[in-house]
Amino acid sequence: MGNNNPLRARFLAECRTLGILPDPTFLALLDPTTLQQDTDEKPITSSRSRSLSPSRRRPDTTTSTTNPAAAETVLRLSGHAIDRKSLRALCRVLESDSYFKTIVLADAYLGDDGTVAVCNALKSNSSVIRLDLRGNNIQRDGAMAVAELIKANSTIEELVLEWNSIGLWETSVHALGDALAINATLRHLDLRNNKLSPAGMDALCSGMRTNSSLMSLDVRWNNAGHTGGMAMASLFQFNTTLTCLETVGNDLSESVIRLIDTALDRNARSLAAARDAVRLHDAMASATAAHADLASDLRERLRGKDAELESLRTKLATVRGNMADERARADELQRQVDRGANERESMTAALRDLRAALDAASGDRSTADRAHRAASTDLSRRLVELESQLTVTTTERDALADQLRVAREDADRRRERERRTAAEHLESIDAERLAAEDRITAVERAKDIEMTRAAAAVHRKLQEAEEELADRERELREARVNADERRRALEKKVEEAEDRARSSESARVRQLDGDLVAMRAVRDAAMRDVDRLTIALAAAARDAETHATKAAQEKAVSGEVQRSLSAQLAVAQAEVTDMRLKMRDEVDRAAQATADAQVLYAERERARADRRDAQREVDRLREDVRRLEAGEEKRRRGELDRLKELESAFGSYIHGAIKSSGDTNANDRRAGGGSSGAGM
């Protein structure tokens, strides 16, 4: 424990508070090194008795002495007499102690007063798990205090009460049974060598009928007898959690021991079956959750593919917008070409007008030579200007026409190429999306159908197994009920036979005793009569002659009395012989009842065999479920691999299509730039 044990300091503080001078001997027991040495050397549980059989041997719940952390939580004061003042201070410390998990006060000479003090202190304690009070001469008051402790405390799991005298008072055993009826934390209870009578055992078992926490009960070396054994056997009709019951040294018959063993095995199997059912339910829940996660993952991936398709559609809309811009620019160039053509036509019209004026001026050349020359010069100048303007306009028109033609051809080629590319890309994307959606839908549908079928098959098999198990259990219950009824009938018959035999025997014994008393009275009276007759005969001897006739008569009466007594004795012997024959008949009937009980036990064995067959069938069904789950897991992995391959192929295709579209657009832009440079 080292210096971390606060017990000694708190004990001294309580002694100062109570004004008690601590006992040096007890104070030495609280030394940390002494407690550590005790903890390392002495185990908690007692080894005075041996278990009945390995199947009912109690599991080891003691604190390991090889673990220092566990050893530090043991307060061991066994084998030391604790004075009342020191015990009072110690109990004040234990009321609020949270350090010790195990308290060992075995053979501490506590008696009833010390036990009451310890139990009252531990009512409010919430850290002690194991309490050892064996060998403390606990009687009525101490047992009542222990019962109150069991009712109030909610942390103690192991209680050792070996080598006490609790069973001497029925009120204490009844209180202990009532406490067990409402306790929900006690797991192990040791009541060895407590002088429990058959009535006390019945009271204890009656209280345990509603207990759902106690798993191990040790009642070895008590006085339960056949009645107490039957009470322990009938306990299992209500209790399904008790899996260990030690009964050595209680004078139980083999049939009762077999009944108890059968009930313990049933409780153990029921507990194991409940644990298996919980594990199977957890496995089914995890498989359902895994399937739901897989479906959610597939839906999430489908949403991702839809998002990618929407992105491609957005890109296609952007390409279409760019094509509309190109069309707008081509229309603007067409309008510019149209304006140039209109200007050329206007200039051509002006030239025609000028030529007409020139022709008119040439016709009037003879009349106005100077005006002609001047006009000719002016017209020539204007003609040269107009021709130069016409040349420039023609050049610009041709250039614009070439640009327009190149732009139109380039726009047409780009528009046609982009239209074909976009249409093909959109068609391929739509086809891939539809194919992917169809495949995903088919995979999900097939997966759902397969999972539904597998789950339906599993549930159907489980339902059939459960129905079959329920039928087997119902048949087993019916057989058990019939067997119990037959057993109760046989027991009732045996008890009635025993009661009749005992009552008839008692009546006959009482009658024989009465007859014997009567015969003794008659014999005594006869002896008195004989004495009187002897006296009379002595008197008659002196007066033989006068009383000879009377003496003969008295002698005859005495012979008659003796014959009557002999006849009554013969009748009594005949009645005794008849009673012995009747007792033999009762013994034969009891042997027949025992044979019927053995037949009942054989039927129970067959019922147990049927239950084992049902359990093997359940195990086979569980194995089928595990194989189905393994196959389902394999198919799920295959579907995931195929889905990953499909996703990879679809991503590679989309990536190649986007890259090809980007390369085509870049080539078109480079080709358009080169054509524009050549036109300029």
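A: Trp221 sits in the loop between strand 6 and helix 10, where helices (H or I, at least four residues) and strands (E, at least two) are DSSP runs numbered from the N terminus. The model is predicted, with local features needing pLDDT of at least 70 and side-chain atom pairs counting only at pLDDT 80 or more, while totals for chains, interfaces and linings use all residues. Residues are numbered from 1 along each chain as its sequence is written, and side-chain values use heavy atoms, with hydrogens and water left out.

The backbone at Trp221 has a positive phi of about 60 degrees, although this residue is not a glycine. Most residues other than glycine have a negative phi. Trp221 is partly exposed, at a relative accessible area of 41%; here buried means under 20% relative accessible area, exposed over 50%, and partly exposed in between, with a 1.4 Å probe and protein chains only. Tyr109 also has a positive phi without being a glycine, at about 55 degrees, and lies in the loop between strand 2 (102-104) and helix 6 (111-122). Tyr109 is exposed, with a relative accessible area of 60%.

On one side of the loop that holds Trp221 is strand 6, residues 216-218, which pairs with strand 5, residues 188-190, in the parallel sense over 3 bridges. Two strands count as paired if DSSP finds at least two bridges between them. Leu189 has Leu217 of strand 6 as its bridge partner. Strands of a sheet pair through backbone hydrogen bonds, either parallel or antiparallel. The sheet is open, with 7 strands in the order 1-2-3-4-5-6-7 and parallel pairing. Its edges are strand 1 (74-76) and strand 7 (244-246), each of which pairs on one side only. Neighbouring strands of this sheet are turned by 0 degrees against each other on average, direction ignored; the axes are lines fitted to C-alpha atoms, for helices over the stretch in contact, and angles run from 0 to 180 degrees between N-to-C directions.

In helix 9 (residues 198-207), the buried residues are Gly200, Met201, Ala203, Leu204, Cys205 and Gly207.

Val256 of helix 11 (residues 254-363) is in contact with His226, Gly229 and Met230, once its neighbours within four places in sequence are left aside. Val256 counts as buried, at 1% relative accessibility. The C-alpha atoms of Val256 and Ala233 are separated by 6.9 Å, although the two residues are 23 apart along the chain.

A search of the whole structure finds 0 disulfides, a disulfide being a pair of cysteine sulfur atoms within 2.5 Å. For Cys119, the closest cysteine sulfur is in Cys91 at 9.1 Å, which is too far for a bond. Cys119 is buried, with a relative accessible area of 0%, and Cys244 is buried at 3%. Rings of Phe, Tyr and Trp (its six-membered ring) pair if their centres lie within 6.5 Å, with planes under 30 degrees apart counted as stacked, over 60 as edge-to-face and the rest as tilted; by this rule there are 2 aromatic pairs. One of them joins Tyr99 and Phe100 edge-to-face, at 5.0 Å centre to centre and 90 degrees between the planes, and both Tyr99 and Phe100 are buried.

For the protein as a whole, the secondary structure comes to 13 helices and 7 strands. Of its 680 residues, 32% are buried. Among contacts between residues at least 6 apart in sequence, 87% join residues at least 24 apart. The accessible surface comes to about 39,200 Å², of which 54% belongs to carbon and sulfur atoms, as computed by the Shrake-Rupley method with a 1.4 Å probe, where for residues only the protein chains shown count as cover.

Conventions:
Contact = heavy atoms within 4.5 Å.
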